[in-house]
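Please look through the model below before reading my points. I have kept them brief.

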Amino acid sequence: MGVALTLICVVVIVVSLTTILWMKQSRDQRWTMEQHAISPEQLYSLLGSHQDVALFDVRQPLDLLAHSEIIPGARRIPPADVLAAPGLIPKDKEAIVYCTCPGDKTSRAVLRRALDLEFFKIKFLKGGFEAWKAKGYPVEPYREIFHLYTPNLVQH
């Protein structure tokens, strides 16, 4: 009976410590994300100040098809490309990424990848393209050709 009670106590302690560590890590990740967020108002002011800022549209192709507009001055990079080759975003100057995913999912994925590679001047537009448009800030038509998918190339 004493061995079983000891074993139960050890399991409870291990589970409790694991839960506490997981909660702390989750909180730290949320804090880090918020430190690298910029509001539409802040971005509008930043762009209006004529500072050297790189702005990237990392929306999924179907999102771009649904809303064929872009923030003036933004460069579109497919999210798969930037996740595979983060060097497409400059490491030495302020960079902002935006998408239209609920919860800024694509922007946050790009941000996490960039932070893992020590890109510390990168931020994501909180609320993305939709929040920018909701504020009435300028957009322009996106006229570049883009593909909805990348076909698998079969080599013979």
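This is a predicted model: local features need pLDDT of at least 70, side-chain atom pairs count only at pLDDT 80 or more; totals for chains, interfaces and linings use all residues.

The numbered points below cover a loop residue, the aromatic pairs and a surface patch.

1. Side-chain atom pairs count only at pLDDT 80 or more.

2. Thr-100, position. Thr-100 sits in a loop. Strand 5 (95-98) comes on one side of that loop and helix 5 (105-116) on the other. Is Thr-100 buried or exposed? The relative accessible area of Thr-100 is 18%. Buried means under 20%, so Thr-100 counts as buried.

3. Thr-100, neighbours. Leaving aside residues up to four places away in sequence, Thr-100 touches Arg-59, Asp-63, Phe-129 and Glu-130. One of these, Asp-63, also makes a polar contact with Thr-100, side chain to side chain, at 3.3 Å. Phe-129, another of the residues touched, returns in the next point.

4. Tyr-98 and Phe-129. The structure holds four aromatic pairs. Tyr-98 and Phe-129 make up one of them, with ring centres 5.8 Å apart and 15 degrees between the planes. Planes under 30 degrees apart count as stacked, and the Tyr-98 and Phe-129 pair is therefore classed as stacked. Which elements does this pair tie together? Tyr-98 belongs to strand 5, while Phe-129 belongs to helix 6 (residues 128-134). The pair therefore links parts that are 31 residues apart in sequence. Tyr-98 is buried, at 0% relative accessible area. Phe-129 is buried too, at 0% relative accessibility.

5. Trp-132 and Tyr-137. A further aromatic pair joins Trp-132 and Tyr-137. Trp-132 is buried at 1% relative accessibility. Tyr-137 is also buried, with a relative accessible area of 17%. The 17% of Tyr-137 falls under the 20% cut-off, so the label holds.

6. Aromatic cluster. Which residues form one aromatic cluster? They are Tyr-44, Trp-132 and Tyr-137.

7. Nonpolar surface patch. Leu-7, Val-11 and Val-15 form a nonpolar patch on the surface. Together they have about 270 Å² of accessible area. Val-15 lies in helix 1 (residues 2-35). The relative accessible area of Val-15 is 48%. Exposed means over 50%, so Val-15 counts as partly exposed.

Notes:
Residues are numbered from 1 along each chain as its sequence is written. Side-chain values use heavy atoms; hydrogens and water are left out. Helices (H or I, at least four residues) and strands (E, at least two) are DSSP runs, numbered from the N terminus. Buried means under 20% relative accessible area, exposed over 50%, partly exposed in between (1.4 Å probe, protein chains only). A polar contact is a pair of N or O atoms within 3.5 Å; within protein, one must be able to donate a hydrogen and the other to accept it, and residues adjacent in sequence count only if both atoms are side-chain atoms. Contact means heavy atoms within 4.5 Å. Patches are made of residues with over 30% relative accessible area and no salt bridge: like charges are joined within 9 Å, nonpolar side chains (Val, Leu, Ile, Met, Phe, Trp, Tyr) within 5 Å. Accessible areas come from the Shrake-Rupley method with a 1.4 Å probe; for residues, only the protein chains shown count as cover. A salt bridge is a side-chain nitrogen of Lys or Arg within 4 Å of a carboxyl oxygen of Asp or Glu. Rings of Phe, Tyr and Trp (its six-membered ring) pair if their centres lie within 6.5 Å; planes under 30 degrees apart count as stacked, over 60 as edge-to-face and the rest as tilted.
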